[in-house]
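Biologist: I would like to learn how to read a protein model, one feature at a time. Could you take me through this one slowly?

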Amino acid sequence: MSRYLLTICIATYNRADFLSFTLEGIVKQVKQYPDVEVLIVDGNSTDNTESVVVGFQTIYPNLKYLRLKEKGGVDKDYDLAVRHASGEYCWLFTDDDILKDDAIGKVREMLADGTRDLLIVNSEICDFQMQNILKTTAMPNQSSIETNLVDANREMVFKLCAAHLTFIGCVVIRKGLWVTTPTENFYGTRFIHVGVISTLPDFTKVLITAIPLTRIRLGNAEWTNITFKVWVTLWPNLIWSFPNLSDDCKKQICLREPWKDPKLLFWYRAMGVYSKKHYLERIHNEPRSIYKFFATIIASTPRLIPWVTFYLYSFLRRDKMKLYALGDGMKSRNSWLSQE
């Protein structure tokens, strides 16, 4: 058996400043746990990521650094991180979010008896500066849920957790289950962890936590410029590829063709991620229909109209998440933008 119970796996690329902030919080917690290691997989960053990691290695020897010859993409790089991990379990963490107090200690307790295979960790959602809480809990369950993936339980897990599972940092998984999955089938989906979870056997023991253990930094996604592609193509294509979920379950997660929902397109137009350009790229060649007609109209609508509509609606409902998304939430602070 490995001397490590847990490996915190982080894939990163050109986000040294954020990574430094994240590692500072992690190292403060892991120093007291010799059975926890941290593994950074660097997709050949051109900034000072390497020097940041080396600096932390001087104060925490259980920090491993794997620098790749080239960036493989988020799916491949996280897959490599798990496969190079020494821990019995892997926490697929992010390079810009932070742990709440004693999060590692609490996760260790949940894993200590070895009976659980998958933890889905609840989170608190914050603004970019990590100063304002936009949502106190990402998942609605008020108490932790112990279950497996037999029949209806699998669908329950996906219905409850799918939206939060788009955040890779909520996943703690037994390495032995991950490495026996055909992970390469999920390269390019941007959600390899969700694909892996969909293939897990029925006997998998799952714990969905109620108490948030992480803090998510909104407004910092490297894929901001391809938001429409991610949510209208990549995400539904992945969800609807799962043979062991019913169509009804999939519909509750996302529509097979989200562009056919005028309200959703109106929202994307308000955020500035849907335009004539996106219409031509994704919808123009679709067969003529009422959905395509609405898609055309919305793409040509001045952005101010849907923006004001949703802003007033969100203000009246005191929806901090939507208000933030209409403002700073869609700004990109990255030195590079994903094209994939």
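Biologist: Which residue is the bridge partner of Y89 in β10?

Modeller: The general idea is that strands of a sheet pair through backbone hydrogen bonds, either parallel or antiparallel. Here the partner of Y89 in β10 is R174, and β4 (residues 89–93) pairs with β10 (residues 171–174) in the antiparallel sense over three bridges. Two strands count as paired if DSSP finds at least two bridges between them, and the labels come from DSSP runs numbered from the N terminus, a strand being E over at least two residues and a helix H or I over at least four. Please keep in mind that this is a predicted model, in which local features need pLDDT of at least 70 and side-chain atom pairs count only at pLDDT 80 or more, while totals for chains, interfaces and linings use all residues. Residues are numbered from 1 along each chain as its sequence is written, and side-chain values use heavy atoms, with hydrogens and water left out.

Biologist: In which sense does β1 pair with β4?

Modeller: Strand β1 (residues 6–12) runs parallel to β4 and is joined to that strand by five bridges; the partner of I8 in β4 is W91.

Biologist: How many residues of β4 are buried?

Modeller: Buried means under 20% relative accessible area, exposed means over 50%, and partly exposed lies in between (1.4 Å probe, protein chains only). In β4, five of the five residues are buried, with Y89, W91 and F93 on one face and C90 and L92 on the other. By contrast, I211, in the loop between β11 (206–208) and β12, counts as exposed because its relative accessibility is 56%. Across the protein, buried residues make up 54% of the 340 residues.

Biologist: In what order do the eight strands of the open sheet lie?

Modeller: The order is β3-β2-β1-β4-β10-β6-β11-β9, with mixed pairing, and the edge strands β3 (63–67) and β9 (145–147) each pair on one side only. Near the end of that order, β9 and β11 run antiparallel and are joined by three bridges, with T147 opposite V206 in β11. Helix α3 (residues 74–84) packs on the sheet, touching β1, β2 (36–42), β3 and β4, where contact means heavy atoms within 4.5 Å.

Biologist: What is the order of the four strands in the other open sheet?

Modeller: That order is β5-β12-β7-β8, again with mixed pairing. Since β5 (98–99) and β8 (133–135) stand at the edges with a single partner strand each, one side of each is left without a neighbour in the sheet. Within this sheet, β7 (residues 123–126) and β12 (residues 214–217) pair in the parallel sense over four bridges, and C126 stands opposite R217 in β12.

Biologist: At what angle do the axes of α10 and α13 cross?

Modeller: Two packed helices are described by the angle between their axes and the distance between the axes. The axes of α10 (residues 262–271) and α13 (residues 304–317) come within 8 Å and cross at roughly 105°, which makes α10 roughly perpendicular to α13. Axes are lines fitted to C-alpha atoms, for helices over the stretch in contact, with angles running from 0 to 180 degrees between N-to-C directions; under 35 degrees is roughly parallel, over 145 roughly antiparallel, 65 to 115 roughly perpendicular, and the rest oblique. The residues in contact include F266 and W267 of α10 and W307 and F310 of α13.
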